[in-house]
Each structure stands twice: as C-alpha cells, then as structure tokens.
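Thanks for coming. I will go through two places in this structure, one after the other. Please have the sequence and the 3D view open.

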Amino acid sequence: MGRLTEIRLTLAAFIYSLELDLKQIITNYIVPNFSDLTFLGEPDFVEKIKLRFLKDYPGLDVEKNILQVVDFIDFQDSYTIVFKNKDFVPNNIIDELKQITPKLNEIVPIRNRVMHTRPLQVGDFSEVYAFINELGESKNIQWTTTLETKRKIEEDPSYVLTLSIPSFRFQSEEPEHNLPIPDFDDTGFIGRKKDIEDIKRLILGNNRVVSIIGDGGIGKTALALKVAYDIVDLKDNNPFDLVIWISAKTTMLTSKGIKEIENSLKDYAGVIEGISEFINVEKKTSNEKLNEILEYLDVFDVLLIVDNLETILDEDIREFIRQAQLRCKIMITSRIGLGELEFRRTLSGLSEVESIILIRQFANIKQSKILTQLPNSKVVEIIKKLHYNPLALKWFVNTVETGVNPDEVLIKKDDLLNFCLSNVYTKLQEEAKKLIKIILASRKSLNEAELIFLSNLPSIILRKTLNELFATTFIAREIENIFGSQEVRYTIPDFAKEYLLKNHPVDTDFIKEIIQKLKTLSTETQQILRVSGYNEFGLNAITIRNTTEKVTARLLTEALKFSKKGNLNESLQKIEEAKSILPNYFEVYRVSAFVKATFDDYLGAEQDYKTGIEIESDNPRLLYFYSGFLLYQLNDPDSAFPLAKKLIELRPNSTYPSFLYGRCLSTIGRHKEAIELLRKLLNNTIMNDETKRIAVTDLISQHCHWGIQIVQKDGDYDESKEKFIKSLSYFERMVKERNYDVKMIKNFCTTITSFIKYIPKIHNEENIEYLRELVVRYNDYIALNNSKSHIDFLLRENYGVDLQVEAPKYKGKIEELKRHLGFAFIKCEDTSRYYANMRVFKTDTWQVLRNGDNVCFDIGTNSLGECAINVIIA
C-alpha cells in the first residue's frame, strides 16, 4: 500500500477523534437507559451492528456487551442515534448538535475517502481543520478526544506518524484491488472533471485498451487512480471482479533533483511477476505464470492498470497487451502511446484557475511565506512559465522552500525538463527527431504538405512518423481557418520546446536550409499565382487556397514541366506525390488528365476529369479543360457542350470560356450564336493582341463553316457567299493590323478553298476576279500554309482562272539580315532601302538567305509605309 501521507493520517486522527467524542455522548446518556440494542433504531440496522460485533467477537453475548457494540457504529450513525434518543440527552447538547449537523454531514464523505483510501478532494483538509477549530469554543459538548488530538498534532506534527487508520472491516464489501493510496493527498484531487468522466466512459464502454498520454508530471497517474477508485465505488454497477494496479515508475522528481525509485518494475518480467503476486500465482517460469494469468483473466472480469508504461515498453509488453486485451480491460498511463492497440486520451496541463488553486494550496501546506504573499498576477506568470504542469508547480514550491529564489528556480529547470521529457525523446526514431527539428527551425506551425516538402519524406513515411510523434507529447495539432476551410497544422508545445531548445538545439546551418526552402516555396507560389492571375484558364494556372495546396501546386507545376519535355514517367510520379498529399484536390486530376491526354491515354484522362468534377463540379478551370478535351481530343461536342454552357454561365464575360463555348456552338451547327457571342466579346472587352487574334481566327472559321452549312442545308448561294466574303475580310483586316499567325492563315486558306468548292462558277461570276486578286495579294501567306498549288488548281478547274503571277519588278541586295528578329533590309541600285518581313519570303528561302544575296521583289505597304513583298532570290 505504501506509506500513508501525513495529510491523510492527520485527517484520520481528527475524524476518528470526532467519532469517539460523538459515541461518548451515546455511552454517557443513552446506553445507561437500555438493557438491549433497541436504542439503535430499526431492526435491520440492529442486525447489521450485531453481525459486525460478532465478526470480531464470535461467541460473546451481544446484549451483555452493549458498550462494546457502540464501537461498531459508523460516523454518521453516531449522531443520528443521538437524535433518535434525544429524550435521554440534555437539551443544550441536542441544540448544539443540531447546529453542527450540516458540517458533520459534509465531513461524512471526507471520512469515507480517508478511511477507504479514496483520493482526497480539494479543501478536504481545510474543511475538517476549520470545523475542529470552531469546536474549541463549544460550551455544551465535551470534545475532549478531538481537542487533545488537535493539541498534540499542533505541538508535534510528527505525532501523526505514530498513528494508524483504524480498521473498518465491517464496511460494505468492494472488489479486490491493490490500488495505492493517492500521492496527492496534500492538495487533494484538483479539476479534471471532464477527463474523469470521459475516461470512465471509455473504460466502461466497448474500448479494450485506454491510454492516458501526456508529459511527465502532467497528472496521468493521479487521474488514472481517481478513475480507478471511482469505478471501485460503483459498487453493484462496477463490472469488474478485480482491479489490478502495476506501476513501472522508475524515477521521481524532488527539489534536489531526479531520484531513482528502488524496487520498481524494470521490464516485462517484472509486470508478470507483479500481477502474479497479486493473484497468488505460484508457477515458476514466466511462461507458466503468463498462461495462468491469462486463464485467470478468462474467468474473472478484470481491469488491469499499467502506470508509466513507457519505461518498460517493448515488443514483449506489446504482445502481452495484445493477448490480455482479449480477456480484460486495460488502462495505461504513458508518455508514449501504443498506436493501433489503444484508444488514446492525451492529457494537457491544468487550467489557469486549477493551477492557481494547486500552487496556493501547496504553498499554504508548506507554510511558505514567500509564495503565500505573492499577488495573483505573479502566480499566473509563474504557472505559465511552468506550462500548467501539476508536478512542475509542486516542484517549484518545494524548491523555493529549500531557500532558492523563485525567479532563479524558473530559470534553472533542467531537472524538471529532463524528468518530464528526456526518456521519451531518446526513444524517438531519427525521422521523428528530424520532423521536430524542422518545426523548430521553421519557427511556426506547419501542415502535412509543408512537412513533406521540407523533409523530403514520402507521404506514407511522414504519416507513420507523425503517428509516432502523436504517441508522445512532442507534437500537437491545431486547427486554423484559412479561406473558409479548416486546416490541420502541427506545432511543438511550449513545454517540449523549452526542453528541446535546452537539450537538443537545432544546428544553424539546418535552420538556414529550412528558411531557404520555405522562401523557395513562397516564391514559387507567387509565380503560380501571377500566372493564374494573368489567365485563369492557362495550363499553368493553378488554384491555391491554403498552404497544403501550395506544396501540391508546386508538384503539379513540376509535373507539367516534365510533360512538356516528354518525360511521362517523371510527370506521373510528381502527380502521384501530389495525390498522396491531397487526394481531394481537383487540380491534381485536371493536371493528371491533361498529361495523360498529351500522351494519348484518352481513357485515363477522361477518368481523371470525371474524378475532378466529382470533387468540384462547378470549378470553371476544370470545366474549361474537360470540355476542351471532349471537344478536341474525343471529338464529342455533345458531351462537351453542357460543360461549356455551364462554364459560360459561371464566367459570362470571360474571354477563353467564350472561345470554347463559341467553338462548341459552331461544332454543333449553331454558327450564328457562336458569331454573335464573339462579336459581343470583341465589342465589349478590352483584348490584347493574342486574345483578339484568337477571336478573329475563330470568326474566320465560323463564318466559313456557316457558309458551307447554308449551301448544304438551304442551297442559298447568295447568303453563303456573304459568309465566305465576311470570313475573308476578317483576315485582311488583321493583316493590316499585323496581328495574324499560322492558324489564322490556315483558316483563311480553308475559307478560300471552301468558297471555290461550294459556290459554282455560274453563281459566283461577280467574285471570280476578287478571288484571283486575293490569292495573288496574299500569295506568300498561302504559300506558308502549303496551300498555293491546291488553291491554284481549284481556281483553274472550277473557275477557269490560270494564275500567272508576274515576276517581281524590282531588284536589290540583302543589306541587313536580322534572322533572329525576323526581318531584313533590301538596298536597291538607286540607294533606296525597303523593309522586308520574314513572312514575305518563302520558308526555304528565308532559312538560306545571306547578307549580299541578290533578290527580286515587289513594293507593297504596311502600317509604316512602303515595304518589300513577294521577295525571291534572283
């Protein structure tokens, strides 16, 4: 059981002396008037007292030993019996007894906690001591024994060590247990009401193993003991036949340092031996003892409690718990959890109010003049520095009482920190220590994605390592609200941080490395955001709403770079890394689908797009890419159209969604709507050269296809010619603006070809010369598209036009060739100079052109004046 505390012995002495003085009233005034036990009251109660008496004095006649029977009355029964027989007791005694009955009733549960080794509550001692002080003023009841006991204790506090708590074998039976007397009697059990109820509920529920995890000194043992005694006190509602307590505590913290505990359990064998002793197993070998223990657990309902498991935690202990938890309930206190075997409850420090109560009460008990006079503000400052740790608070009071200045105690906390945390840190794997260093070096909380980025650990290893750390108190989770969503971040609690910085400081070079990595992540994120801001629907635009998406977006950007270089495997590997970090991030599936489509895995791409849509069905960028994929790669406009329609509803005035929706409309034959959409966009939107070029390129194509549709469906050549001519006019306008590209030239050539093919000569006499001049004027552009011979053939076969393009009229030499800039200057014999853009040369001519080459050319115009056109090498 261990040595009883002075507080408990003092309380026992006070309460027992009260009980003796109350029984003296019965002996003096009531017993002389009775020859039997009827003064006790109801027959059932009389029988109970008789049985108690006969259990100690078998064979004696109860009726002839009435005075001795009074000794077997309970504390509360002693004054209840006086009131039942008040006619025999002086009125002044009855009156005084009535006045103090409420106080006596409050002492009853305290008395039960003391006599039955239950955890004391805050205020138990002060309440009893204050009551006894008031009894000294009594004039009617002679509290002789009580006041004498008080005098002896006050004169010599060590007097209580000569006492023992009386035996109360006649109390109601309780389950067998070997629970120790609580070691927090000095202050009583403080706070933790919710923790107590939660852990009791877990143990009495369906959980086989419940672990109380926390720093050293945080109160795990006290809480486990309080819960255990509460369960024992459930009486008929207690489901356990046995409660077995095994402690593996090996050290204790004193004001003079860390002290080893003698005869403590050191290993698995010690646990087996401890349980064997309690249940009287007499087998010799450990295996024999284990088998008998397991058989015992099969027969009886047992609650097994293992205190300070971390000191003996090894695979043998794990295996024992695996076997035992199938047969009994197990409660564990430890600084390191068991992982999958347990339901874990992490214990934090006391609240500020509870911490103040503890430090004030303990200081009063120690009669510390320094600490009792401290203002509350200073006490709060102290408990914050001690991280609300109950053991730390008691250690502080004890150390101050050795004569050390309070401020000096707070500075020199090495023993406290080592006691609470060192034996946990030494058992961590290297990956776990690395994560701790990273969080410290970052100087802020980090989420899982950031830890993956900074540690270079695969996500599966990182999560395993985090689980190892969660089984300790070196890491804590906090929830942050970011952009309307909650994000889990990891940090080092203050108590652990103080220990780590003192005992395991982080190398300066490592700190610089982590800072640089975080800076790199921030820079790359800003770049992604700039790209996304420039064009929401660009391939490299990526949505970033929190720090987890920062890291994932970086991986996706790398995947796109690998894809662009043709490295499919590396690209998919980055995507898988991103997916393992954030499997519900729609951008992962958008990028994955794009990469797969690029490498012709259309079915895989479609599946990824569908997954992304399931995650964020209304995301504009995802709708844009998925609809485009269906339209262009799968040639499925019917499936693409509803997605594009939904997109344009979300972004009605946005350029790229309008382009996509217009193409969908055109593809399904709704050319008029497509053209009106693009015209409206051109008229109402400020566009740069690129977006304007795309819009006009689409208008050229849509007018062309509309013209074809009119001929095929309605046979209306006149209206069809209007659409073709409108299409060609857009190209001419853009050439004048010098804003065209290869795709626009291609659409221009397609329109000329369609115009000639679909409009017979008989219906197009008025436009034949227009077409001939157009082809001659843009001869070089048509040649760039490799369509010249085909168009010449169509004109000749359909319209009888044989294009004989005259040779260029002017001659000169290449004077200044700027191949990298795409232009040259031609100098004629009369010293005139003409600008020549690379587009006015044939492709093969431009590639072989050199300064000094003789050329022939015609003179045309551009926005700056006359320029060379139709240039050929002479």
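Which helices are among what covers the buried residues of α37? The cover includes α34 (742-758), α35 (768-777) and α36 (779-784). Keep in mind that this is a predicted model.

Now α37 itself. This helix runs over residues 788-799, so to speak 12 residues in total. From its first C-alpha to its last it reaches 16 Å, close to the 16 Å expected at 1.5 Å a residue. The buried residues in α37 are Ile-791, Asp-792, Leu-794, Leu-795 and Tyr-799. Why do they lie on the same side of α37? Because they cover an arc of only 160° around the axis. As background, an α-helix has 3.6 residues a turn, so residues three or four places apart point the same way. On the other side of α37, Ser-789 and Glu-797 are exposed. Just after the helix comes Gly-800, with a positive phi of about 70°.

The second place is a pair of helices. Two packed helices are described by the angle between their axes and the distance between the axes. Here the pair is α29 (residues 637-650) and α30 (residues 655-667). Their axes come within 9 Å and cross at roughly 145°, and the crossing is left-handed.

Which residues meet there? From α29 they are Pro-637, Ala-640, Phe-641, Ala-644, Lys-645, Leu-647 and Ile-648. From α30 they are Pro-657, Ser-658, Leu-660, Tyr-661, Cys-664, Leu-665 and Thr-667. By class, this contact has 11 nonpolar, two polar and one charged residues.

That is the end of my part.

Definitions and conventions
Residues are numbered from 1 along each chain as its sequence is written. This is a predicted model: local features need pLDDT of at least 70, side-chain atom pairs count only at pLDDT 80 or more; totals for chains, interfaces and linings use all residues. Side-chain values use heavy atoms; hydrogens and water are left out. Helices (H or I, at least four residues) and strands (E, at least two) are DSSP runs, numbered from the N terminus. The expected span of a helix is 1.5 Å times one less than its number of residues. Buried means under 20% relative accessible area, exposed over 50%, partly exposed in between (1.4 Å probe, protein chains only). The arc is that of the directions from the helix axis to the C-beta atoms. Contact means heavy atoms within 4.5 Å. Axes are lines fitted to C-alpha atoms, for helices over the stretch in contact, and angles run from 0 to 180 degrees between N-to-C directions. A crossing is left-handed if the near helix is turned anticlockwise from the far one by less than a right angle, and right-handed if clockwise. Ala, Val, Leu, Ile, Met, Phe, Trp, Tyr, Cys and Pro count as nonpolar, Asp, Glu, Lys and Arg as charged, and the others, Gly among them, as polar.
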